[in-house]
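Me: I'd like to learn how to read strand pairing and a metal site. Can you walk me through it?
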Amino acid sequence: MLVGMQGLSTSIRAGVDRLCGLLFPPACIFCATAMPAGNGCCADCLEKIQVWPRDACHRCGEPLPVALSPGPCGRCLRKPPFQQQTVSLFTYRGPVREAILNWKLQGREGGVRWLIDTAAARLAGVVTPADLLLPVPMPLSRMRKSGQHHAADLCRMVAAHAGCRWDWRLLRRIGEQPRQSELSGLARRRNLRKAFAMDADYLAKQGPVTGRVWVVDDILTTGTTLGCAARALQQVGAPVHALSLARTPYGG
Ligand SMILES: [Zn+2]
Ligand SMILES: [Zn+2]
């Protein structure tokens with residue numbers, strides 16, 4: 001009887017699945033085009049999603065010709081950034097850009113989740129379980145207004161994949177600064193030079209960091225934000241690295 005019940009429940013479940021498939025056919029998570037089945041992304045969007053080039057300067061992450069990779073590039077030879085390594089997963093354009101905007105402006109995180117799941121193998125080769133992820137903090141007023149902290153959400157998702165820790169309290173934002181997107185390169189650096197600070201008291205309570213520290217942001221544009229955050233962490237007692245979900249193409 002139990003076996004029969006199991007069979008019945010399985011067939012009912014299959015029927016429900018079929019009905020759901022008819023009522024809500026699988027759609028592309030990026031463009032909502034209906035698909036026969038698949039992994040959540042249509043062939044058209046998949047073609048437009050660009051992984052950030054692996055042939056890049058290890059230090060700043062800028063793409064380099066294969067023969068010169070992993071650098072350091074000329075700019076890093078002249079003036080290396082504060083972080084030891086910069087990793088970006090995707091190029092900020094097409095479906096990646098739309099997924100991030102949907103997430104930040106409308107709270108729809110499906111596309112971003114798909115991107116992180118898809119980058120799992122890359123992440124596993126980069127972030128280890130001993131590492132600590134720190135979100136780039138945003139000004140308190142902006143966080144209060146939006147009720148969201150995207151870099152912290154990103155850390156949570158990446159940490160779940162890497163099996164590592166993340167902490168939003170160690171790196172603090174000081175004061176209020178204009179949005180980086182409203183400023184030019186030089187003004188960006190001036191704007192953020194004193195915007196971050198490490199909470200040394202909090203670190204003392206937590207104990208020393210044993211792995212590497214990653215400062216994490218959703219979009220890397222010029223690298224100024226992650227560089228200034230890394231600079232504030234020089235006293236953390238561990239190598240500081242930088243990770244972004246996406247990066248604007250070639251410093252643009
Ligand atoms: Zn699509
Ligand atoms: Zn470089």
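Reply: Start with pairing: two strands pair if DSSP finds at least two bridges between them, and strands themselves are DSSP runs (E, at least two residues), while helices are runs of H or I, at least four residues, both numbered from the N terminus. Here L132 stands opposite V213 in β6. This is a predicted model, where local features need pLDDT of at least 70, side-chain atom pairs count only at pLDDT 80 or more, and totals for chains, interfaces and linings use all residues. Residues are numbered from 1 along each chain as its sequence is written, chains are lettered from A and ligands numbered from 1 in the order written, and side-chain values use heavy atoms, with hydrogens and water left out.

Me: In which sense do β2 and β6 pair, and over how many bridges?
Reply: Parallel, over four bridges, with β6 covering residues 213-220. β2 also runs parallel to β3 (residues 165-166), joined by two bridges, and there R165 is the bridge partner of L132.

Me: Are the faces of β2 buried or exposed?
Reply: Buried means under 20% relative accessible area, exposed over 50%, partly exposed in between (1.4 Å probe, protein chains only). In β2 (residues 132-135), L132 and L134 on one side and L133 and P135 on the other are all buried.

Me: Which residues are the protein donors of the zinc ion (ligand 2)?
Reply: Donors are N, O and S atoms within 2.8 Å of the metal (3.2 Å for Na, K and Ca); water is not among the atoms, so sites may look incomplete. For this zinc, the SG atoms of C57, C60, C73 and C76 lie 2.3 Å away, and the spacing in sequence is C-x2-C-x12-C-x2-C. C57 and C60 are buried.
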